Amino acid sequence: LLNDQEEMNKKIEELIATLPVVSEGSVPHYQFKGCWYPSFAIRGNIAADLHFQAQDSDIFLASPPKSGTTWMKALIFSIVNRNRYPPNERPLLSTHPHILIQFLETGHYRNGNIPENLDQLPKPRLFATHSHYASLSQSIRHSSCRIVYVCRNRLDTFISFFHFLRLHEKNQPDMDATYEKYCRGIIGFGPFWDNILGYWQASLEKPEKVLFMKYEDLKEDLVFEMKRLADFLGVPFSVEEEEEGLIEEISRLCSFEILKNLEVNRTHKPYLEGGAPANAFYRKGEVGDFVNHLDPSMVENLMKITQEKFAGSGLVF
Ligand code: A3P
């Protein structure tokens, strides 16, 4: 374990110098263990890789960006902590979901810093990551910690991603160039097919360790998916809780309309120093918005790539 910050910094810079890098677009992307990291995430990811020690009780939320991460953070936090706070004091009412469950790479280990307080986090510790399954540190893969994965139809994810860049990047991204990079897989935490397939395979091989969820399923039957989630996390809803309407209460609190309109999520201020604006994580929250933005040939091409990459996996979108 690398516990010394100076040594850590040295090691990170040495390693970065050896990584494949693509500099087109607004930020350089580095490839580490098969995953493309934007420059603001690479140091944190290497530091976590060299330092983080998973505990068996830890819970991870993994996802490709713009796939429902914010929603799932709200749901997981609320389900796990449902008995800690009365309904009118739920932390989500005053805290951004991305603060309640921080990313390992861009939160706890931001810029390569070794965090001091990881052992003091309430148990179970809740973390998030956008990394691929194969690029998670050994200790995450080999401990008994649980991983919930959420992903989303590729076309909507791309559109959501494009709008997110438009909202907070100084250099306005170009749709065609962004699309082209997306299809080649060289975008943050891409290629998307490796990101998704890694967790999909892991969920088939170790269903007790990895739960695979889809944004569209959450939209379709949230109560059913929340029960599946609570069961997987080892905190199933009791009959009394169901009868009291607790599942509905949590699902309402975590809904797009409620979260989007809370003061803490409406502000342009970053949710975390140097992070994206708090309100950039709530746009439309709908399934199928891609039809309003992509021409048919773009749709067809991305669907073809998805089908080719997922062929034989049993995964259908
Ligand atoms: P759109 O851009 O299509 O609206 P992530 O959280 O992974 O960054 O993904 C962001 C996407 O999830 C955005 O999609 C956002 O609007 C949507 N979203 C955020 N909170 C949501 C919620 N509570 N319910 C449904 N969708 C939500």
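User: Let's start with the helices. Why are helix 7 and helix 8 called oblique to each other?

Analyst: Keep in mind that this is a predicted model. Helix 7 and helix 8 pack at an angle of about 130 degrees, with 11 Å between their axes. Roughly perpendicular covers 65 to 115 degrees and roughly antiparallel starts over 145, with the rest called oblique. The pair therefore counts as oblique. Their crossing is right-handed.

User: What makes up the contact between helix 7 and helix 8?

Analyst: From helix 7 you have Phe-158, Phe-162 and Leu-165, and they meet Met-175, Thr-178, Tyr-179 and Tyr-182 of helix 8. By class, that contact splits into six nonpolar, one polar and no charged residues. Tyr counts as nonpolar here.

User: Now the ligand. How do you know which residues surround the ligand?

Analyst: A residue gets in if its C-beta atom, placed from the backbone, lies within 6 Å. For the ligand, 21 residues surround it, and the closest are Thr-69, Thr-70, Ser-160, Arg-283 and Gly-285. Helix 3 (69-80), helix 7 (154-168) and helix 14 (256-261) each give two or more residues to this shell. By class, the shell has seven nonpolar, nine polar and five charged residues.

User: Which peptide bonds are cis, and what omega goes with them?

Analyst: One runs from Lys-123 to Pro-124, with omega near -5 degrees. Pro-124 sits in the loop between helix 5 (104-108) and strand 5 (126-129). Another is the bond from Gly-190 to Pro-191, with omega near -5 degrees. Pro-191 belongs to the loop between helix 8 and helix 9 (192-205).

User: What makes Lys-33 worth a mention?

Analyst: Its phi is near 50 degrees, a positive value in a residue other than glycine. Lys-33 is in the loop between strand 2 (29-32) and strand 3 (35-38).

User: Where does the record put the sulfotransferase domain?

Analyst: UniProt lists "domain: Sulfotransferase" for residues 56-314, in an unreviewed entry. In the model, that span is 47% helix and 7% strand, with its end C-alpha atoms 29 Å apart.

Methods:
Residues numbered from 1 in each chain as written. Predicted model: local features only at pLDDT ≥ 70, side-chain atom pairs only at ≥ 80, totals over all residues. Helix = DSSP H or I, 4+ residues; strand = E, 2+ residues; numbered from the N terminus. Axes fitted to C-alpha atoms, helices over the stretch in contact; angles between N-to-C directions. Parallel < 35°, antiparallel > 145°, perpendicular 65-115°, else oblique. Left-handed = near helix turned anticlockwise from the far one by under 90°. Contact = placed C-beta atoms within 7 Å. UniProt positions renumbered as here; feature names shortened; annotations may be inferred.
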